[in-house]
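Dear colleague,

I am handing over the structure that follows, together with an account of what was found in it. Please read the notes beside the coordinates when you have a moment.

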Number of protein chains: 2
Amino acid sequence: MSEKLSVLPYKGTRDFYPEEMRLRNWFFGVIREVLERSAFEEYGGPMLESLDLYAAKSGEELAMKQTYNFVDRGDRRLAIRPEMTPTVARMVAGKMNELNFPLKWFSFPNMYRYEAPQRGRLREFWQLNVDVFGCDGFEADLEVVSSAIKLLQAFGADESMFQVKLNNRRFFNDVIAAVTGLDGEGAKAVSKVVDRKNKVPYEVYKKDLTALGLSDEQIAKLDSLYTMGVEEATALCPDSVGANELRSLFELLKKTGLEKYCVFDFGIVRGLDYYTGTVFEVFDLSPENNRAMFGGGRYDNLVGLFVKNAKISGVGYGMGDVTLENFLRTHALIPEELRRGAKVLVTRFSDVPYEAYLKLVDDLQQAGVVASLFLGEKKFGKQLEYAVKENYTHVVVMGGDEYARGVLKLKTLATREERELSLADALSLLKA
Amino acid sequence: MSEKLSVLPYKGTRDFYPEEMRLRNWFFGVIREVLERSAFEEYGGPMLESLDLYAAKSGEELAMKQTYNFVDRGDRRLAIRPEMTPTVARMVAGKMNELNFPLKWFSFPNMYRYEAPQRGRLREFWQLNVDVFGCDGFEADLEVVSSAIKLLQAFGADESMFQVKLNNRRFFNDVIAAVTGLDGEGAKAVSKVVDRKNKVPYEVYKKDLTALGLSDEQIAKLDSLYTMGVEEATALCPDSVGANELRSLFELLKKTGLEKYCVFDFGIVRGLDYYTGTVFEVFDLSPENNRAMFGGGRYDNLVGLFVKNAKISGVGYGMGDVTLENFLRTHALIPEELRRGAKVLVTRFSDVPYEAYLKLVDDLQQAGVVASLFLGEKKFGKQLEYAVKENYTHVVVMGGDEYARGVLKLKTLATREERELSLADALSLLKA
């Protein structure tokens with residue numbers, strides 16, 4: 001090939017050089033710690049799945065359009081996963097009789113969506129998925145909403161930075177029925193209009209509702225709900241099961257001190273049809289970024305796609321890495337130094353046997369200190385420059401003179417302080 | 001859809017239920033700790049790359065055959081990565097002028113190869129990639145070989161379980177030239193035959209060499225090399241640069257105590273043409289599994305595919321997760337319990353306010369203990385059964401009576417021992 005290959009990654013994907021990788025690993029680390037402490041267990045699945053999985057959940061057209069899909073040599077229609085829910089539903093269905101419910105599961109897979117890249121949306125991204133399977137009660141809803149709040153808290157976010165807007169699809173349907181008399185497909189059509197409300201001018205929203213047969217009075221009644229608190233709103237349909245679910249959820253959020261992060265919002269519907277109970281969206285409160293970061297809710301029968309008459313409920317949410325990074329950057333929540341502890345470069349001089357350096361590096365590593373020998377032969381100044389650029393915290397100097405006397409010089413790069421020490425003293429200093 | 005979807009993952013891929021995921025995470029954790037302590041830095045790249053990357057390295061035909069590839073809507077030929085080397089070469093080329101060499105990099109990506117699944121070979125697998133870029137000397141070769149040994153040591157493997165077989169391509173070519181007079185394409189053809197030696201009957205191997213013009217005497221001379229030690233072998237071409245590289249590598253392996261894991265083997269060539277110096281393969285020594293687990297070596301110009309006249313050398317290796325798992329299982333090196341520390345299920349009774357349980361779980365978690373409340377309402381026996389099946393180590397019992405008295409019962413599942421304690425005492429017990 002005479003023409004050179006491009007050094008750029010494929011459109012909408014990212015290279016993770018060590019600096020970016022440290023950030024991604026930090027995200028994963030914080031998230032994993034919070035979730036594992038709550039006894040959530042991590043799972044994983046394949047990057048390629050049958051296209052039928054996505055066609056069954058979202059329709060053939062959307063599945064074909066939004067995924068990278070192709071046919072393999074055995075004529076199987078495959079897709080690179082655009083989301084994790086169908087995979088986890090397949091896995092739960094596959095071991096239904098062996099698994100112990102309720103399951104508390106999470107995963108942080110990469111996935112691909114075939115769409116035009118834009119701020120916050122890339123073609124390849126990582127998405128945290130948190131789900132509770134097999135618990136029909138409010139306990140699972142509370143667990144899932146709390147975990148989302150705890151995650152953001154663990155990153156240092158507080159109630160001035162984000163807000164969880166909650167609603168309940170069952171309650172929503174009951175209100176629509178009470179106000180408009182519509183149910184089934186009619187209520188679903190109304191929910192689609194409400195879901196789009198904040199993305200279109202008010203006139204368009206109103207026109208769409210009118211087209212569905214709603215009177216001005218009915219529309220006004222719905223509109224009044226957007227500003228109501230949970231007590232006022234649920235009082236409109238006191239016998240609704242969804243209203244009860246909402247009320248008990250808010251009552252417990254209050255008792256556990258999480259209410260300050262939460263607000264009832266009748267406008268939260270979540271577009272997807274499969275939600276059946278609690279729905280929520282987490283909003284970034286910063287003025288320049290104000291929008292839903294992620295969301296989730298209760299869905300009751302995904303396992304049914306795989307196993308006849310099976311019914312295992314789920315509650316969960318998904319959060320993308322790009323969204324999380326934007327949020328943390330906006331609120332200055334990413335620490336300047338993501339790694340802690342000493343990182344030591346042992347510099348090399350030609351008048352000391354190479355194996356003496358190898359031994360020194362090994363001693364440092366055995367003591368738990370991150371350490372490396374400078375690889376190759378360069379002047380001391382160049383080795384020092386390398387240490388600074390590669391974020392080493394310390395440099396060890398052991399030339400022929402120090403080697404003969406059984407000492408070394410330890411240079412702290414931040415302060416440029418240099419001390420002559422024995423190896424043992426250097427080790428205790430570095431470990432502290 | 002009336003027909004139900006299959007619950008099986010796509011052929012040659014795996015589902016990672018929490019149990020399998022714990023194992024994968026354990027692999028990653030051990031590996032990451034060893035490499036990070038040696039100041040290797042992690043990087044990552046996209047799952048999709050231009051097909052041209054693989055075609056340029058391995059040829060169009062092989063790239064088409066071995067990868068999952070397709071054309072996107074913008075007529076770009078894409079492949080799901082079958083290996084990481086082209087990606088990392090692209091990344092290094094892309095920031096050549098900003099990066100500080102030598103780089104010590106590693107990654108543990110998943111990748112896909114389109115081949116018939118068999119033992120140790122799946123279509124989707126994870127592969128550790130460790131490389132040093134930008135150091136032409138023996139220091140990098142030693143660093144990379146040592147890191148492979150240290151990794152296996154960290155998993156508890158010793159010299160009775162694995163062996164590193166080393167050779168040098170430059171030395172190999174010099175020997176072939178000295179023995180046969182062949183160089184360039186001729187030497188390359190011989191190397192292919194030697195590479196296949198242990199996979200075919202001796203007669204086939206000999207016939208292939210004869211076909212390349214080698215006399216019986218020349219073949220006998222080559223054959224004698226397979227049993228030689230490094231001194232004897234390198235003495236045959238004392239002026240070879242490759243011989244010198246080999247000798248200094250072995251000298252340092254001796255001085256650092258790693259020689260017991262290593263042996264010179266003239267038969268180690270590594271099939272790929274891009275290797276230019278040190279080559280090595282790590283063998284499983286167990287009788288039932290005796291074969292090369294993984295390998296690597298020095299390659300000198302992958303960055304040249306991207307940048308004209310660029311030359312950045314690399315030394316590295318790749319190790320697959322399936323291979324590693326087979327090795328660790330064969331030698332019984334996988335601990336029975338992969339997670340440590342207490343994992344506590346707080347059981348729930350209807351005569352205690354729910355928020356009291358939430359508070360208790362929160363207190364446990366805040367103290368760093370992995371804890372979960374049983375989600376839902378079940379009889380105590382069922383909750384206990386759940387705890388046992390989900391590998392909880394302890395169960396906390398706080399019924400109405402305990403709640404009223406401000407105590408709890410802590411049940412250790414392994415011993416079935418039960419103690420009544422204050423929360424504070426339970427916490428100190430669980431943290432110890």
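**Domains of chain A**

In this predicted model, the C-alpha centres of domain 1 of chain A and domain 2 of chain A are 54 Å apart. The domain assignment behind that distance gives domain 1 as 18-40 + 124-330 and domain 2 as 343-431.

**How the two chains meet**

Two copies of a chain are related by a rotation about an axis and a shift along it. Here, chain B is superposed on chain A by a rotation of 180° with 0.0 Å of shift along the axis, and the RMSD is 0.0 Å; that is the relation of a two-fold axis.

As for the interface itself, 73 residues of chain B are in contact with 73 residues of chain A. On the side of chain B that touches chain A, the largest share comes from helix H1 (residues 18-37) of chain B, which supplies six residues. Sorted by class, that side of chain B has 35 nonpolar, 15 polar and 23 charged residues. Of the interface residues of chain B, 100% are also interface residues in chain A, so the copies meet through the same surface.

The crossing in which H1(A) passes H5(A) is right-handed. From H1(A), Val30(A), Ile31(A), Val34(A) and Leu35(A) take part in the contact, and they meet Ser147(A), Lys150(A), Leu151(A) and Ala154(A) in H5(A). Taken by class, the residues of this contact of H1(A) with H5(A) are six nonpolar, one polar and one charged.

The other pair is helix H6 (residues 169-180) of chain A with helix H7 (residues 185-196) of chain A, where the axes come within 10 Å and cross at roughly 105°, which makes H6(A) roughly perpendicular to H7(A). H6(A) contributes Phe172(A), Asn173(A), Ile176(A), Ala177(A) and Thr180(A) to the contact, while H7(A) contributes Ala187(A), Val190(A) and Ser191(A). The contact of H6(A) with H7(A) has five nonpolar and three polar residues, and no charged ones.

**Backbone details to check**

In chain A, Phe101(A) and Pro102(A) are joined by a cis peptide bond with omega of about 0°, and Pro102(A) is placed in the loop between helix H4 (85-94) and strand E5 (103-107) of chain A. In chain B, a cis peptide bond joins Phe101(B) and Pro102(B), with omega of about -5°, and Pro102(B) is in the loop between helix H4 (85-94) and strand E5 (103-107) of chain B.

Lastly, Asn309(A), although not a glycine, has a positive phi of about 65°, and Asn309(A) lies in the loop between strand E11 (291-299) and strand E12 (314-320) of chain A.

With best regards

How values were computed: Residues numbered from 1 in each chain as written. Chains lettered and ligands numbered in written order. Predicted model: local features only at pLDDT ≥ 70, side-chain atom pairs only at ≥ 80, totals over all residues. Domains from an automatic or database assignment. Left-handed = near helix turned anticlockwise from the far one by under 90°. Helix = DSSP H or I, 4+ residues; strand = E, 2+ residues; numbered from the N terminus. Contact = placed C-beta atoms within 7 Å. Nonpolar A, V, L, I, M, F, W, Y, C, P; charged D, E, K, R; others polar. Least-squares fit on C-alpha atoms with pLDDT ≥ 70 in both. Axes fitted to C-alpha atoms, helices over the stretch in contact; angles between N-to-C directions. Parallel < 35°, antiparallel > 145°, perpendicular 65-115°, else oblique.
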